[in-house]
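Subject: Structure for you, with notes

Hello,

Here is the structure I promised to pass on. My notes follow below it.

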Amino acid sequence: MAPKRRWSVNLNLTENDVGYAALKHKPAPCDMRIVQSVEKQMERKSGYSIKDDAVASAAENKQAVAIRARKQSKAMSIALSPGKQIAMNGFMLWMSGRNLNIFSISITSMAIMSPVKGILSVSNAFRSCEDPDGKVDLTSSKALFVLLNFAWLGVGMYKMATMKLLPLTSADWEGYVVWKDVLETSSIPP
């Protein structure tokens, strides 16, 4: 048995304490409201309620909800990471200029290949946020991740178009135009 602490104060109010009833009617602090709303949202999404579970203690349930909320917030931060890269790469692409040189080509190729790799490795990016019970919803985070990677890819494609590396004009397709062979000629001017 652990020795009783010399200095210990229990700050948790019980029903017998003075002011408990008045404090119960006061609204929770603003940060606590956010935490409580996230916990309620997680309970609603997962169909898991602390009140329904008689086997596990309330502390374990709150801890499980908190872990799921942390995984959800980590998934959202992973989903927003390509958005941070868009601004940085956009500035680098602007600084590289419109001339064709090794620096601008390497920056542009990085702006094309990085989002493609990101889109192809969505499941690996969110592997750390997956819940073995499947109670953490990652579909919105994955969709946002893919959407931001497509936006990043669009910035890279725009840079390729400004460097005239994409075939966007009719002159770029001149080799595929089928010319008519003139079968007759006439000496009379039209």
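Start with the largest nonpolar core. It has nine residues in all: Ala75, Ile78, Ala79, Val122, Phe126, Cys129, Val136, Leu138 and Phe145. Helix α3, residues 58-96, gives the most to this core, with three residues. Please keep in mind that this is a predicted model.

Leaving out residues up to four places away in sequence, Ile78 touches Ala125, Phe126, Ser128, Cys129 and Phe145. Three of these names, Phe126, Cys129 and Phe145, are also on the list of core residues.

Another core lies apart from the largest one. This other core has six residues, including Ile86, Leu93, Leu148 and Trp152. As background, nonpolar side chains in soluble globular proteins tend to be buried together.

Now the surface. Which residues form a nonpolar patch there? They are Phe91, Trp94 and Met95, and together they have about 410 Å² of accessible area. Phe91 sits in helix α3. Trp94 has a relative accessibility of 62%, so it counts as exposed, the cut-off being over 50%.

Next, the aromatic pairs. The count comes to three. One of them is Phe91 with Trp94: the ring centres are 6.0 Å apart and the planes stand at 40°, so this pair is tilted. Phe91 and Trp94 are three residues apart in helix α3, so about one helical turn separates them.

Trp173 and Tyr176 also pair. Their ring centres are 5.8 Å apart and their planes are at 45°, so this pair is tilted too. Are the two residues buried or exposed? Trp173 is partly exposed, at 43% relative accessible area. Tyr176 is exposed, at 65%.

Last, a backbone point. Lys164 is not a glycine, yet its phi is positive, about 65°. For context, most residues other than glycine have a negative phi. Lys164 lies in the segment after α6, which covers 139-162. Its relative accessibility is 71%, so Lys164 counts as exposed.

When you open the model, I would go in this order: the nine-residue core, the patch of Phe91, Trp94 and Met95, then Lys164 with its positive phi.

Best wishes

Note on methods:
Residues numbered from 1 in each chain as written. Predicted model: local features only at pLDDT ≥ 70, side-chain atom pairs only at ≥ 80, totals over all residues. Heavy atoms only, no water. Core = buried A, V, L, I, M, F, W, Y, C linked by side-chain atoms within 4.5 Å. Buried < 20%, exposed > 50% of the residue type's maximum accessible area, 1.4 Å probe, protein only. Helix = DSSP H or I, 4+ residues; strand = E, 2+ residues; numbered from the N terminus. Contact = heavy atoms within 4.5 Å. Patch = residues over 30% accessible without salt bridge, like charges linked within 9 Å, V, L, I, M, F, W, Y side chains within 5 Å. Areas by Shrake-Rupley, 256 points an atom, 1.4 Å probe, with all protein chains shown as cover. Salt bridge = Lys/Arg side-chain N within 4 Å of Asp/Glu carboxyl O. Phe/Tyr/Trp six-rings, centres within 6.5 Å; stacked < 30°, edge-to-face > 60°.
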